[in-house]
Amino acid sequence: MKVFPAKELEVATDNFNESRILGNGGQGTIYKGMLSDGKIVAIKKSKLVEENQLEQFINEVVILSQMDHRNVVKWLGCSLGTEVPLLVYEFMPHGTLFYLIHDRNNEFPFPWNILLKIASNIAEALAYLHSASSMPIYHRDIKSSNILLDDKYVVKVSDFGTSRSVAADQTHLTTMFKGTFGYIDPEYFQSNQFIEKCDVYSFGVVLVELLTG
């Protein structure tokens, strides 16, 4: 992990100028930045720190530090010398799958081979999280706005603030409801028991979204 000086990230984002905003989420705002070496990055600025948001920040750092896969967004480091935590990621020039599908300026649908590649990449990321990482990881918020695309439309799954790692022999998490309506497995919503198939259900919703536009 690299710890970035707070000043470098302020300069990189033109003091977190609104013109640099790439998107807003439940956990913070994403800015486009240029580091001192010329590298383009995405910088997540957390919202004002409350205990539950700080917990999600720490959780995301722990989860990302365990992973290394071509279809999971690469975490470059963070800065702790600010009022709120900052996370630095690789920059994805094509933004989110949600934007790709729903922005009226985009020519959607894309060719079948691109759609198939995107779907396959998401599936590979989930297979890695569930069975190939050092400990199984439940993402818990798979949706098109958490799926990023690089310049070659390679998928990078992002946003691990609510994710959880589990023991290899653990069958489920009993947890308070987390996720996004429309993508949530109804059985999880009723039982508060999250299993890996809940992520797969959300992936199915993304597939429908991808196929129908």
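This is a predicted model: local features need pLDDT of at least 70, side-chain atom pairs count only at pLDDT 80 or more; totals for chains, interfaces and linings use all residues.
Tutor: Residues are numbered from 1 along each chain as its sequence is written, and side-chain values use heavy atoms, with hydrogens and water left out.

Student: What makes up the secondary structure of the chain?

Tutor: The chain has six helices and twelve strands, where helices (H or I, at least four residues) and strands (E, at least two) are DSSP runs, numbered from the N terminus.

Student: How do you know that strand 3 and strand 4 are paired?

Tutor: Two strands pair if DSSP finds at least two bridges between them, and seven bridges join strand 3 to strand 4 (residues 40-46), the two running antiparallel. One of the bridges sets lysine 32 against alanine 42 in strand 4. These strands form a hairpin with five residues between them, and in the turn glycine 38 has a positive phi of about 90°.

Student: What joins strand 2 to strand 3?

Tutor: Three bridges join strand 2 (residues 21-24) to strand 3 (residues 28-34), and this pair also runs antiparallel. Across from isoleucine 21 stands tyrosine 31 in strand 3.

Student: How many salt bridges are found in the whole structure?

Tutor: The search finds four. One of them joins lysine 156 to glutamate 90, with the closest N and O atoms 3.8 Å apart. This pair links distant parts of the chain, since lysine 156 is in strand 9 (residues 155-157) and glutamate 90 in strand 6 (residues 86-90), 66 residues apart. Another salt bridge brings together the side chains of lysine 143 and aspartate 141, at 3.7 Å from N to O. Salt bridges that share partners also join Lys44, Glu60 and Asp159 into one network.

Student: Why do lysine 143 and aspartate 141 count as buried?

Tutor: Buried means under 20% relative accessible area, exposed means over 50%, and partly exposed lies in between (1.4 Å probe, protein chains only). Lysine 143 has 16% relative accessibility and therefore counts as buried, and aspartate 141, at 13%, counts as buried as well. Glutamate 60 and lysine 44 are both buried, as are lysine 156 and glutamate 90. Over the chain, buried residues make up 47% of the 213 residues.

Student: Why is leucine 54 described as partly exposed?

Tutor: Leucine 54 has a relative accessible area of 35%, so it falls in the middle class. This residue is found in helix 2.

Student: What makes the nonpolar core a core, and which residues touch the most other members of the largest one?

Tutor: A nonpolar core is a set of buried Ala, Val, Leu, Ile, Met, Phe, Trp, Tyr and Cys residues joined through side-chain atoms within 4.5 Å. The largest has 40 residues, and Met67, Leu97, Ile118, Ile122 and Phe160 touch the most other members. Helix 4 gives the most to this core, with nine residues. Apart from it lies another core, of eleven residues, among them Leu9, Ala12, Leu76 and Val88.

Student: How do you know that isoleucine 122 is buried, and what is it in contact with?

Tutor: Isoleucine 122 has a relative accessible area of 0%, and therefore it is buried; this residue lies in helix 4. Contact means heavy atoms within 4.5 Å, and, leaving aside neighbours within four places in sequence, isoleucine 122 is in contact with Leu97, Ile147, Val155, Phe203 and Val206. Leucine 97, counted in that way, is in contact with residues including Ile118, Ser144, Leu149 and Leu210.
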